[in-house]
Amino acid sequence: ASSSAFAAPKGVEARQTSTAGSAVQPWQVAGSALLLAAAPEPAHAGGMFDFGLTLPFVAITFLTMMAVLNALWYSPVTAEVDDRNKKLLKTLSEATDMLSKADEMQVVYTAQLREAREKASEAVKAYKEETSKSIETQITAAATARETKAAEVKAKLDADMSAKKKASEAEIEKRKVAFVKETLAAVNL
């Protein structure tokens, strides 16, 4: 056993010598060595991969905590968020509807306002035409009345003047005769 290239552990040599007549084969020794080399070293308490009873305990605790959090926290919060989203969508939908109604009303009011302005413009135009016709009629009537009055005054003045001429002709003739007589008397003719 000392001549082989592989040295077996001390316990293996002791077994070889104690078994009467059975020899340990080298392949058995190599297999045992590989098995020991591949086996993990024993974990120390608090190590990184301590797979004792803590792994199932941690898994059960984690799943229990997930179930409790889901029941007590995530479900109510999710329900509240969903309710809030529904209310926001409803409010947004109502706002959109109101905005579209407001746009329709604005179009209607704009059309009504345009029609009212056109009617007002036509009314103002008709009033201006009526007023200008009325003013022209009044001006024409006033001019006619003025001309009529002027003609009446002129006729009255002409009549007064001709009446005064007729009335004064006798006086003029009388004064003319008196003047001629005085002039002739002054000249002694």
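Student: Which helix does M65 lie in?

Tutor: Helices are DSSP runs of H or I, at least four residues, and strands are runs of E, at least two, numbered from the N terminus. M65 lies in helix α3. Two cautions apply. This is a predicted model, where local features need pLDDT of at least 70, side-chain atom pairs count only at pLDDT 80 or more, and totals for chains, interfaces and linings use all residues. Residues are numbered from 1 along each chain as its sequence is written, and side-chain values use heavy atoms, with hydrogens and water left out.

Student: How many helices and strands does the chain have?

Tutor: The chain has three helices and zero strands. Along the sequence the pattern is α-α-α.

Student: Is M65 buried, partly exposed or exposed?

Tutor: Buried means under 20% relative accessible area, exposed over 50%, and partly exposed in between (1.4 Å probe, protein chains only). M65 is partly exposed, because its relative accessibility is 48%. Across the chain, buried residues make up 1% of the 189 residues. In helix α2 (residues 26-38), one of the 13 residues is buried.

Student: Which residues make the nonpolar surface patch?

Tutor: A patch takes residues with over 30% relative accessible area and no salt bridge; nonpolar side chains (Val, Leu, Ile, Met, Phe, Trp, Tyr) are joined within 5 Å, like charges within 9 Å. Here M65, V68, L69, L72, W73, Y74, V77 and V81 make a nonpolar patch of about 740 Å².

Student: Where is the kink in α3 centred?

Tutor: The bend at a residue is the angle between axes fitted to the seven residues ending there and the seven starting there. Helix α3 (residues 54-187) has a kink of about 45 degrees, centred on N70. After α3 comes N188, with a positive phi near 65 degrees.

Student: Which side chains meet in a salt bridge?

Tutor: Side chains of opposite charge can pair when their charged atoms come close. The criterion is a side-chain nitrogen of Lys or Arg within 4 Å of a carboxyl oxygen of Asp or Glu. The whole structure has one salt bridge. E171 and R175 form the salt bridge, at 3.2 Å, N to O. They are four residues apart in α3, so about one helical turn separates them. E171 is partly exposed at 36%, whereas R175 is exposed at 58%.

Terms used. Accessible areas come from the Shrake-Rupley method with a 1.4 Å probe; for residues, only the protein chains shown count as cover. The expected span of a helix is 1.5 Å times one less than its number of residues.
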